[in-house]
Amino acid sequence: MKKGRSGDESGWWSNTRHKIKAYIKHIEMEKHGMKTDDPVYEWCRDNGTLYRA
């Protein structure tokens, strides 16, 4: 298993067959233009939500 990081908020793990990426969802939402006072953004931030791609 190989692992890596992309910035402070994301990481990835892979082998020859699979690759898993995970990142802190609220940071990614903000990068894509979501307002920080949006209830979904606040919920993700407050609950430490991760996203696996």
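Guide: The side chains of Asp46 and Arg45 meet in a salt bridge, at 3.0 Å from N to O; the term requires a side-chain nitrogen of Lys or Arg within 4 Å of a carboxyl oxygen of Asp or Glu. This is a predicted model, in which local features need pLDDT of at least 70, side-chain atom pairs count only at pLDDT 80 or more, and totals for chains, interfaces and linings use all residues. Residues are numbered from 1 along each chain as its sequence is written, and side-chain values use heavy atoms, with hydrogens and water left out.

Side chains of opposite charge can pair when their charged atoms come close. The structure holds one salt bridge. Of its two partners, Asp46 is exposed, with a relative accessible area of 56%, while Arg45 is partly exposed at 36%. Here buried means under 20% relative accessible area, exposed over 50%, and partly exposed in between (1.4 Å probe, protein chains only). Of the 53 residues of the chain, 19% count as buried.

As for the chain as a whole, two helices and four strands make up its secondary structure, in the order β-β-β-α-α-β along the sequence. Helices (H or I, at least four residues) and strands (E, at least two) are DSSP runs, numbered from the N terminus. Strands S2 (residues 10-14) and S3 (residues 19-24) run antiparallel and are joined by five bridges; two strands pair if DSSP finds at least two bridges between them. S2 and S3 form a hairpin with four residues between them, and Ser14 stands opposite Lys19 in S3.
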